[in-house]
Amino acid sequence: MRLLRIVPDDTKFDFMRFRRISFPISALLSIVALVAFLTVGLNFGIDFKGGTLLEVRYPNNTLDIGDVRSKLETLGLGEVQIQEVGSDGEVLIRVAQQPGGESAQQVVAGKVRAALGDAVEYRRVEVVGPRVSQELLSYGIVGLIAAVFCILVYLWFRFEWQFALGASIANFHDIVLTIGFMAIFQIDFDLTSVAALLTILGYSLNDTIVIYDRIREMLRRYKKMPIDELLNQSINSTLSRSVITHVTVTLALLSLVLFGGRAIHSFSVTMMFGVVLVGTYTSIFIASPLLIYLGVNTRTMAEKDAEAKAAKAEGKPAEGKPARP
């Protein structure tokens with residue numbers, strides 16, 4: 001029985017020739033993402049700005065957005081956002097944070113329930129006070145910074161400095177583009193979005209490390225091969241693994257986007273963009289070509305190996321930073 005091959009084992013794609021296109025495109029997209037973040041800003045969800053969120057379903061598809069809006073406007077709650085979700089009578093209601101602390105937000109939820117009545121189904125009711133929302137935002141930012149710091153420490157001990165710097169730039173590139181995507185399309189930035197960013201960091205790093213490990217292996221095996229050709233062979237040799245992994249992840253995330261509901265919508269959409277689109281592109285067209293500009297080549301690797309062998313023969317540690325496993 002023949003095994004299914006999504007990608008042939010002997011692919012010979014010339015990925016490196018696209019670096020003259022991928023780098024300007026990534027630079028332009030990064031600038032757009034930063035401008036969007038600084039001008040438009042993130043659409044903070046209830047978790048981070050406080051307020052009341054209700055997900056309501058009208059039975060038998062009897063939803064009338066105009067009727068819902070007119071009922072809620074009479075309550076005098078200030079800014080109220082009403083968004084129809086899907087086509088089965090679901091509506092998402094966001095009420096701005098009210099003065100008076102957390103107890104005032106609880107009162108808002110009761111007023112909305114009284115206005116809409118008991119004939120509707122309340123699928124989700126979330127109330128977050130201002131103090132709690134500020135704490136959650138602070139913890140989320142600290143968590144992201146701590147994760148990035150731990151990744152940098154890991155890369156420093158795991159790779160030579162060129163590889164560590166290349167992987168760090170690739171990870172930063174992924175996060176910048178993902179945050180820009182969220183700012184441009186105003187996707188809710190809540191706790192699930194923080195979880196998505198942390199997952200994107202780990203997933204992208206894992207994909208980059210797999211390719212980098214193969215590159216280091218081939219650098220020691222082929223001492224005279226041109227660096228462009230060596231990088232192409234390294235990526236092609238891991239291409240089957242990368243494609244299979246990304247296809248399975250894409251199918252899982254697509255099911256979450258289509259059937260996961262509003263509760264994890266920001267998580268699933270952010271993951272779909274960051275992992276499937278940006279992460280895959282970055283590992284192949286950004287992280288790997290960066291090694292050329294950082295001075296990695298077969299000659300320098302051969303010299304390092306020769307120095308390490310000479311130092312080992314003399315019983316002395318090699319000068320500079322030792323190569324890591």
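A nonpolar core is here a set of buried Ala, Val, Leu, Ile, Met, Phe, Trp, Tyr and Cys residues joined through side-chain atoms within 4.5 Å. The model on screen is predicted.

Start with F163, Y212 and I215: these residues have the most contacts inside the largest nonpolar core, which has 47 residues. To see where this core comes from, colour helix 1 (19–39), helix 5 (130–158), helix 6, helix 7, helix 8 (227–259) and helix 9 (265–293); each supplies at least two of its residues.

Next, centre on Y212. Neighbours within four places in sequence aside, Y212 is in contact with F159, F163, G166 and A167, and also with A287, S288 and L291.

For a second, separate core, select V56, Y58, L72 and L77, which are among its 16 residues.

Now show helix 6 (residues 161–184) with helix 7 (residues 191–221). Their axes come within 10 Å and cross at roughly 150 degrees. Angles over 145 degrees count as roughly antiparallel, so helix 6 is roughly antiparallel to helix 7. The crossing of the two helices is right-handed. On the helix 6 side, select residues including F163, D174 and M182; these belong to a set that meets residues of helix 7, among them S193, Y212, I215 and R216. By class, the contact of helix 6 with helix 7 has twelve nonpolar, six polar and two charged residues.

Finish at helix 1 and helix 9, which pack at an angle of about 110 degrees with their axes 10 Å apart. That makes helix 1 roughly perpendicular to helix 9. Select R19, S22, F23, I25 and S26 of helix 1, then Y281, F285, I286, P289, L290, I292 and Y293 of helix 9, to display the contact. Its residues divide into nine nonpolar, two polar and one charged.

Notes: Residues numbered from 1 in each chain as written. Predicted model: local features only at pLDDT ≥ 70, side-chain atom pairs only at ≥ 80, totals over all residues. Heavy atoms only, no water. Axes fitted to C-alpha atoms, helices over the stretch in contact; angles between N-to-C directions. Helix = DSSP H or I, 4+ residues; strand = E, 2+ residues; numbered from the N terminus. Parallel < 35°, antiparallel > 145°, perpendicular 65-115°, else oblique. Left-handed = near helix turned anticlockwise from the far one by under 90°. Contact = heavy atoms within 4.5 Å. Nonpolar A, V, L, I, M, F, W, Y, C, P; charged D, E, K, R; others polar. Buried < 20%, exposed > 50% of the residue type's maximum accessible area, 1.4 Å probe, protein only.
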